[in-house]
Amino acid sequence: MTPISIPEPVIEAVRNAQHIVVLTGAGISAESGIPTFREAQTGLWAQYRPEELATPEAFQRHPERVWKWYEWRRSLVRQAAPNPGHLALVQMERLAPRFTLITQNVDGLHQAAGNRHVLELHGNIMRSRCWREGRIVAPAPDDTHIPPRCPHCGAFLRPDVVWFGETLPPDVLAAAEQATNEADVFFSVGTSTVVYPAAALPFEARSHGAFVIEVNPATTPLTPHASAVLRGPAGQVLPALVQAVWNEARA
Ligand code: BJW
């Protein structure tokens, strides 16, 4: 494996930063065995595009299919463990003067790794809520319906995630935008930077004067606008960065 080299301007910017903000996407969980959102699905689900399943319209038309898709994804999350990329962000939270972690991921792996404050823009796949009234509820253990029914009103339960066309939790988005506007250094890690409003955050950070660093093996719409690009998997780049900046042993 070629060692990852971190350019000196990146080390300087991160070392001098008072507030580091990190936005993560599906790529950071890829090395934990969770497929990214836009890579081809496998097995039973290969015939569907995730963009066609993650909508309220899809759930209205095919509630059983959409619930089963989420059940399959929950089973992948239950088997997954945080990888060195997640663990490096735990170290960063401990070492930076101020640190904000914003994630588009619904898998809870940042919290499992040990990050204490995580802004979940798109919800969490392990929670369910009532399709009619919106309250967060757990399905009754003996409920055999697919999807299970709300124990209070009998409506369908749905995953507590944000689908296309739905609004993000306003308080979480506001906190993410405020942190973004105050960041000295902003990392965009493992995201294709195509889904709004999350995709706007690195651009907002840049326009507020932050040093924006992209961590991704592939090019995204952010790449030409980033202050620096660290090409490679997050599980290798982030531990190398923490070591280069703070001389910390790798996770
Ligand atoms: C690695 C790696 C490794 C691989 N290490 N990297 C403005 C302009 C145009 C459209 C809109 C707009 N504003 C709003 C919209 C509409 C829409 C939208 O953005 N559409 C675009 C697709 C065109 N947005 C919305 O509807 C949002 N709602 C909203 O804005 O409400 C108001 C409104 C509504 C309608 C119109 C206007 C305003 C809601 C968005 C909700 C997104 N929800 C999902 C599903 C969550 C639940 C679930 O998981 O099932 O969130 S969609 C999906 O995409 C998921 C992800 O969080 C999100 C982002 O994907 P992500 O994380 O970037 O993953 P990938 O797979 O795309 O990329 C992985 C990356 O990792 C790649 O780059 C790889 O190279 C990299 N990688 N291995 C590091 N080892």
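P197 sits in the loop that runs between β6 (185–189) and α9 (201–207); helices (H or I, at least four residues) and strands (E, at least two) are DSSP runs, numbered from the N terminus. This is a predicted model, in which local features need pLDDT of at least 70 and side-chain atom pairs count only at pLDDT 80 or more, while totals for chains, interfaces and linings use all residues. Residues are numbered from 1 along each chain as its sequence is written, and side-chain values use heavy atoms, with hydrogens and water left out.

What kind of peptide bond joins Y196 and P197? The bond is cis, with omega about 5 degrees. P147 belongs to the loop between β4 (123–130) and β5 (157–161). Most peptide bonds are trans, and most residues other than glycine have a negative phi.

T193 is not a glycine, yet its phi is positive, at about 55 degrees. Like P197, which is in the loop between β6 and α9, T193 is placed in the loop between β6 and α9. With a relative accessible area of 4%, T193 is buried (buried means under 20% relative accessible area, exposed over 50%, partly exposed in between, with a 1.4 Å probe and protein chains only).

## The ligand and its shell

Now turn to the ligand. Which of the 33 residues around the ligand come nearest? They are Y70, R73, G165, E166 and S192; a residue is near a molecule if one of its heavy atoms lies within 4 Å of it. By class, the shell holds 18 nonpolar, 11 polar and four charged residues. Here Ala, Val, Leu, Ile, Met, Phe, Trp, Tyr, Cys and Pro count as nonpolar, Asp, Glu, Lys and Arg as charged, and the others, Gly among them, as polar.

You can follow some individual atom pairs between protein and ligand. A nitrogen atom of the ligand lies 2.7 Å from a backbone N or O atom of E166. An oxygen atom of the ligand is 2.8 Å from a backbone N or O atom of F37. In N216 the side chain takes part: one of its N or O atoms is 2.8 Å from an oxygen atom of the ligand. Taken alone, the ligand exposes 1,500 Å², and the protein buries 73% of that (accessible areas come from the Shrake-Rupley method with a 1.4 Å probe; for residues, only the protein chains shown count as cover). The elements giving two or more residues to the shell are α2 (27–30) and α5 (63–79).

Look next at helix α8, which covers residues 170–182. How far apart are its end C-alpha atoms? They are 18 Å apart, which agrees with the 18 Å that its 13 residues should span at 1.5 Å a residue (the expected span is 1.5 Å times one less than the number of residues). The buried residues in α8 are V172, L173, A176, A179 and T180. These cover an arc of only 130 degrees around the axis, which puts them on the same side of α8; the arc is that of the directions from the helix axis to the C-beta atoms. P170 and D171, on the other side of α8, are exposed. An α-helix has 3.6 residues a turn, so residues three or four places apart point the same way.

Helix α1 (residues 8–16) includes P9. Its buried residues are V10, I11, A13 and V14, and their arc of only 165 degrees around the axis puts them on the same side of α1. Which exposed residues does the face turned away from the buried side carry? That face carries P9 and N16. The relative accessibility of P9 is 51%, so this residue counts as exposed.

## Pairs of residues across the chain

P9 and A228 are 219 residues apart in sequence, but their C-alpha atoms are 8.5 Å apart in space. For G134 and V185, 51 residues apart along the chain, the C-alpha atoms are separated by 36 Å. G134 is in the loop between β4 and β5 and is partly exposed, with a relative accessible area of 33%.

Finally, visit T103 in strand β2 (residues 98–103). This residue is buried, with a relative accessible area of 1%. Its side chain makes a polar contact of 2.7 Å with the side chain of T24 (a polar contact is a pair of N or O atoms within 3.5 Å; within protein, one must be able to donate a hydrogen and the other to accept it, and residues adjacent in sequence count only if both atoms are side-chain atoms).
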